[in-house]
Amino acid sequence: MSAKQPFEAIVAAHGPVILRVCRAVLGWADADDAWSETFLAALRAYPELPGDANIEAWLVTIAHRKAIDATRAAARRAVPVADLPERPTADGPGQRDLDLHSSLVALPRKQREAVAYHYLAGLPYAEVAAITGGSAEAARKSASDGIARLRRTYPGPGRNGGSS
Amino acid sequence: MTTHNQQQHPGLPGTVPVTDMELRALHDRLAERAEASGLLDVAYRTIDTPVGTLLLAATPAGLVRVAYASEGHDAVLAALAARISPRILNAPRRLDGAARELDEYFAGARRIFDLPLDLRLATGFRRAVLRQLPAIGYGHTASYAAVAAAAGSPRAIRAVGTACATNPLPVVVPCHRVIRSDGTPGRYLGGSAAKQMLLNLEAA
């Protein structure tokens with residue numbers, strides 16, 4: 001048995017990144033639940049995790065599976081609506097973040113995942129490919145296509161004016 | 001409200017900020033779900049007391065560790081991860097009872113702790129010694145020799161000293177009431193000043 005750090009330290013170190021990944025892949029509304037499911041599953045499996053495992057890649061792998069679960073569950077309960085409801089902005093993210101966020105969520109799933117896992121979680125393309133399937137080269141292409149599309153669709157900092 | 005500014009990657013314009021408040025809410029919900037799912041092997045919190053910040057940790061069986069700041073709380077948690085389980089979260093709710101009783105004790109309003117204790121960190125003779133200590137009443141003291149005799153090994157005076165020095169539940173299991181035969185307080189894992197403070201508190 002190798003010495004493991006208390007799980008609390010894992011949550012503190014990786015909680016923010018995993019929340020960003022969940023928001024990028026799933027959208028704001030479903031991210032909290034996916035985050036909770038991810039860390040609960042991780043807590044369950046943690047004692048058996050090899051001591052030399054890459055914890056961030058392990059967590060992103062779990063988050064990826066939970067995001068797929070969430071997407072399937074959402075598809076099962078989906079009801080067509082004429083208009084998307086207004087998203088409240090009080091206490092929520094600023095307009096700029098929402099713009100980036102909606103740009104991210106508008107990407108095709110493969111691109112969204114590649115961008116989130118590579119650029120937000122910082123995983124190398126080989127790790128990204130191990131999680132999403134396909135080759136490292138395909139993951140690199142998806143991420144770069146995603147970034148190119150984000151550059152076109154995201155207004156970018158400064159456009160909305162105002163200092164934060 | 002602070003945000004975690006992640007590394008700004010040149011390829012990704014701006015990012016999705018995550019606030020401490022959001023993370024705290026998610027953390028607390030995780031702790032609740034972990035407890036409800038039976039996955040929280042060790043819950044902990046800290047409390048501020050006249051003898052400094054104490055770390056309190058509990059398993060489902062009971063209070064398993066009380067640690068002085070001088071022991072290094074991070075080191076204590078790492079040791080709990082190795083000895084008991086790494087499924088450890090800062091989850092104050094399980095420690096509500098212990099925190100309340102310790103607050104009452106330090107306010108002079110409690111003489112006996114009425115808490116489920118998990119003594120798994122003490123084995124053999126050390127555990128036998130710890131079981132004897134609550135018999136030394138509030139405001140009283142006993143010598144290491146007397147405790148050795150009470151534990152059934154009158155010659156094991158040094159071993160009693162070791163049991164006290166490695167008591168996983170100081171304050172609650174009152175090793176501070178064990179003093180030298182000459183009446184001086186003797187050593188204490190929380191420091192001799194803390195020992196004297198507890199003895200003074202109980203003498204008041």
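Predicted model: local features only at pLDDT ≥ 70, side-chain atom pairs only at ≥ 80, totals over all residues.
Chain A contains 7 helices and 0 strands. Chain B is assigned two domains, domain 1 (20-106) and domain 2 (124-203).

**Chain A overall**
- Along the sequence, the elements of chain A read α-α-α-α-α-α-α.
- Chain A has 164 residues, of which 40% are buried.
- Of the contacts in chain A with a separation of 6 or more, 71% are between residues 24 or more positions apart.

**Helix α6 of chain A**
- Helix α6 of chain A covers residues 125-132, and its buried residues are E127(A), V128(A), A129(A) and I131(A).
- After α6(A) comes G133(A), which has a positive phi near 85 degrees.

**Chain B overall**
- The order of elements in chain B is α-β-β-β-α-β-α-α-β-α-α-β-α.
- The C-alpha trace of chain B spans about 70 × 35 × 30 Å along its principal axes.
- Chain B has 204 residues, and 36% of them are buried.
- Among contacts in chain B between residues at least 6 apart in sequence, those joining residues at least 24 apart make up 56%.

**Contact between the domains of chain B**
- The C-alpha centres of domain 1 of chain B and domain 2 of chain B are 25 Å apart.
- Contact between the two involves 9 residues of domain 1 of chain B and 11 residues of domain 2 of chain B.
- On the domain 1 side of this contact in chain B, strand β3 (residues 62-67) gives the most, with 4 residues.
- That side of domain 1 of chain B is made up of 7 nonpolar, 1 polar and 1 charged residues.

**Strands β2 and β3 of chain B**
- The strand that gives the most to the domain 1 side, β3(B), is itself mostly covered, with 5 of its 6 residues buried.
- Strand β2 (residues 52-59) of chain B runs antiparallel to β3(B), and 5 bridges join the two.
- One bridge pairs A57(B) with R65(B) of β3(B).
- β2(B) and β3(B) make a hairpin, with 2 residues between the strands.

**Helix α7 of chain B**
- Helix α7 of chain B (residues 192-203) is 12 residues long, and the distance from its first C-alpha to its last is 16 Å, close to the 16 Å expected at 1.5 Å a residue.
- Its buried residues are A194(B), K195(B) and L198(B).
- Viewed down the axis of α7(B), the buried residues fall within an arc of 105 degrees, so they line one face of the helix.
- An α-helix has 3.6 residues a turn, so residues three or four places apart point the same way.
- Exposed residues on the other side of α7(B) are S192(B), A193(B), N200(B) and A203(B).

**F106 of chain B**
- F106(B) is part of helix α3 (residues 96-106) of chain B.
- With 19 other C-beta atoms within 10 Å, F106(B) is partly exposed; a residue is buried if 20 or more lie within that distance.
- Leaving aside residues up to four places away in sequence, F106(B) touches T49(B) and P50(B).
- F106(B) and V51(B) are separated by 55 residues in sequence, yet their C-alpha atoms are 9.2 Å apart in space.

**V171 of chain B**
- V171(B) is not a glycine, but has a positive phi of about 75 degrees.
- Most residues other than glycine have a negative phi.
- V171(B) sits in the loop between α6 (157-165) and β6 (178-179) of chain B.
- V171(B) counts as buried because it has 21 C-beta neighbours inside 10 Å.

Technical notes. Residues numbered from 1 in each chain as written. Chains lettered and ligands numbered in written order. Domains from an automatic or database assignment. Contact = placed C-beta atoms within 7 Å. Nonpolar A, V, L, I, M, F, W, Y, C, P; charged D, E, K, R; others polar. Expected span 1.5 Å × (residues − 1). Buried ≥ 20, exposed ≤ 12 C-beta atoms within 10 Å, placed from the backbone. Arc of directions from axis to C-beta. Pairing = 2+ DSSP bridges.
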